[in-house]
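Please have the model open while you read them.

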Amino acid sequence: MEENAVVCHRLYDGFARRDPKAMMDVMTDDFTGRGSKGMPLGVGGIHRGRKEMFGEVWGPIFGAYEMNVELESLMTCDDDTVVAIGNYRGIERASETRVDARFAHLLRVRDGRICSLEQITDTRSWVPVEAARKDAPSVVALSEMGSEP
């Protein structure tokens, strides 16, 4: 079970380094992500596939927000389940308004890789996306995060 926490910690290290390759390396090809209903940009809901998670969720979010995913703790729960607790902290790019939202992620690990992540967050703490500035991207390409998987 401890090795599952190590695998999950590598995902958050990837977020901190803006390293999508490191993040994708710890995710299964059939990864399933579930974003909280009410998330900005309509990214809440189920997303199937690790590339889809980047293209449909993390790319749009990192395009509209300068956001840090700050891990506070990891708790192993059973043979395949890890809970991550932390904060999203940053700014909405167009308005430059601060965001500070608590999160819990329910992660499942299979064969040494993360096969699912369910996000629970205070969506009201997320500043709605304002009209985009000309210099703010609507989506951040994986290569712009640091590396292409």
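1. Leu 106 is set opposite Glu 118 in E6. The hairpin of E5 and E6 leaves two residues between the strands, and Asp 111 there has a positive phi near 50°.

2. A word on the ground rules. The model is predicted, so local features need pLDDT of at least 70 and side-chain atom pairs count only at pLDDT 80 or more, while totals for chains, interfaces and linings use all residues. Residues are numbered from 1 along each chain as its sequence is written, and side-chain values use heavy atoms, with hydrogens and water left out.

3. Now the overall layout. The protein chain contains four helices and six strands, in the sequence pattern α-α-β-β-α-β-β-β-β-α. Helices (H or I, at least four residues) and strands (E, at least two) are DSSP runs, numbered from the N terminus.

4. Next, the sheet. Its six strands form an open sheet in the order E2-E1-E6-E5-E4-E3, with mixed pairing. Strand E2 (45-48) and strand E3 (65-76) are at the edges with a single partner strand each, so one side of each has no neighbour in the sheet. From one strand to the next, the twist averages 20°; axes are lines fitted to C-alpha atoms, for helices over the stretch in contact, and angles run from 0 to 180 degrees between N-to-C directions.

5. The other hairpin is worth a look too. E4 and E5 run antiparallel and are joined by 12 bridges, and Ile 85 has Ala 104 in E5 as its bridge partner. Four residues lie between E4 and E5, and in this turn Glu 96 has a positive phi of about 60°.

6. On to the helices against the sheet. Helix H1 (residues 2-17) lies across strand E1 (27-35), E3, strand E4 (81-92), E5 and E6, and runs at about 170° to E3. H3 also packs on the sheet, where it touches E1, E2, E3, E4 and E6, and its direction makes about 50° with that of E1.

7. Why do its end C-alpha atoms, 20 Å apart, agree with expectation? Because the 15 residues of H3 (residues 50-64) should span 21 Å at 1.5 Å a residue, the expected span being 1.5 Å times one less than the number of residues. H3 bends by about 40° at Trp 58, with Pro 60 following within four residues; the bend is the angle between axes fitted to the seven residues ending at a residue and the seven starting there.

8. How much of H3 is covered? Of its 15 residues, 11 are buried, among them Met 53, Phe 54, Trp 58 and Pro 60. Buried means under 20% relative accessible area (1.4 Å probe, protein chains only). Across the protein chain, 47% of the 149 residues count as buried.

9. Thr 123 sits in the loop between E6 and helix H4 (142-145). Met 39 is 84 residues away from Thr 123 in sequence, yet their C-alpha atoms are 5.5 Å apart. Leaving aside neighbours within four places in sequence, Thr 123 is in contact (heavy atoms within 4.5 Å) with Ser 36, Lys 37, Gly 38 and Met 39.

How values were computed: Buried means under 20% relative accessible area, exposed over 50%, partly exposed in between (1.4 Å probe, protein chains only). Two strands pair if DSSP finds at least two bridges between them.
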